[in-house]
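Open the structure in your viewer and keep the selection tool ready.

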Amino acid sequence: MALRLDRLITLHLVSPLQRLSLRAKPAIPILMYHSVADHDESRTRPYYRTATSPAVFAAQMEQLHSHGYRTCTVAQVRTLLESDPAIAARTVAITFDDGYRDFYLNAFPVLHKYGFTATMFLPTAFIGDTMLQFKGRDCLTWSEVRELQQSGVLFGSHTMTHPQLRDLDSASVEREITNSKSSIEQKTGSAVSTFAYPYAFPQRDAEFKKRLRVSLSRAGYLSGVCTTLGRATSHSDQFFMERLPVNSLDDPALFHAKLSGAYDWMAKPQSAVKAGKAWVRAVVRRDPVIGGTGEQV
Ligand SMILES: [Zn+2]
């Protein structure tokens, strides 16, 4: 079994210290799910797994319910943090990326049972009138999207083709964020105001973030999330709010620690790893002897 250093530190170091601190600033955990299905991810490192088994998902929702959590959509997070910190303290936002059909089959019935809402982010090129696939997994159809929307699920954009946005020219970025928004709006008849950045978020690239923020705002978005670790606070960037990744390995103790903020420390190692990767990419681009074309990095 792989050593879960993040789990070890969270449960045995950060959680006990956190219980000693008296003042906690209001924060809303935004959970990030992908698939709710029994996919075999045994060859993927724990941190990078994106599937949550239906049994684990049901147990996590039961845990939220029994601890008195209520849910809100991503679009409501900011307002709640600013207007009602007491309610925010017992609120969680549940999000799903990539538009997988297993949400319809395995996740929504459980959410519905507890009266929970959720926000689903769609890469619209993979959502069709007939079923398409993304990364080898079945995706929702537009009629299922409409059915879910009528049952209270909020839909947001996850671009059209799920590209590495930072690698695209500005015209392509604009196309990805505006066309995906208008597709969902045309197919559902409802305005789309929230966005999820695909892949690892380049949180240290201030220039890129500034440009993307302007583009998102101009396109009519009001809120958004990314993969930066942590819980959302009133200081979060409204277009790139932090989230907490969840998968089948989140047992009740780790799930509880994530909700209560004891996993937020992971943002720093995550940022350091990203900075290291960015440095390698920069070296590779400059030095053809080390990196060749750099396509494999
Ligand atoms: Zn995605």
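Predicted model: local features only at pLDDT ≥ 70, side-chain atom pairs only at ≥ 80, totals over all residues.

Residues are numbered from 1 along each chain as its sequence is written, and side-chain values use heavy atoms, leaving out hydrogens and water.

**Whole protein.** Show the cartoon. The protein has 11 helices and 12 strands (DSSP runs, numbered from the N terminus: helices are H or I, at least four residues; strands are E, at least two). The C-alpha trace spans about 50 × 45 × 40 Å along its principal axes. Of the 297 residues, 49% count as buried (under 20% relative accessible area with a 1.4 Å probe, protein chains only; exposed is over 50%, partly exposed in between).

**Helix α2.** Select residues 54-66, the 13 residues of α2. Show the side chains of Phe-57, Gln-60, Met-61, Gln-63 and Leu-64, which are buried. Next, pick Gly-68, which follows α2 and has a positive phi, near 80°.

**Zinc site.** Select the zinc ion. Its protein donors are Asp-98 (OD), His-158 (NE2) and His-162 (NE2), 2.1 Å from it. Donors are N, O and S atoms within 2.8 Å of the metal (3.2 Å for Na, K and Ca); water is not among the atoms, so sites may look incomplete. Asp-98 sits in the loop between β5 and α5 and His-162 in the loop between β9 and α7, so the pair ties together parts 64 residues apart in sequence. Both Asp-98 and His-162 are buried.

Conventions: Expected span 1.5 Å × (residues − 1).
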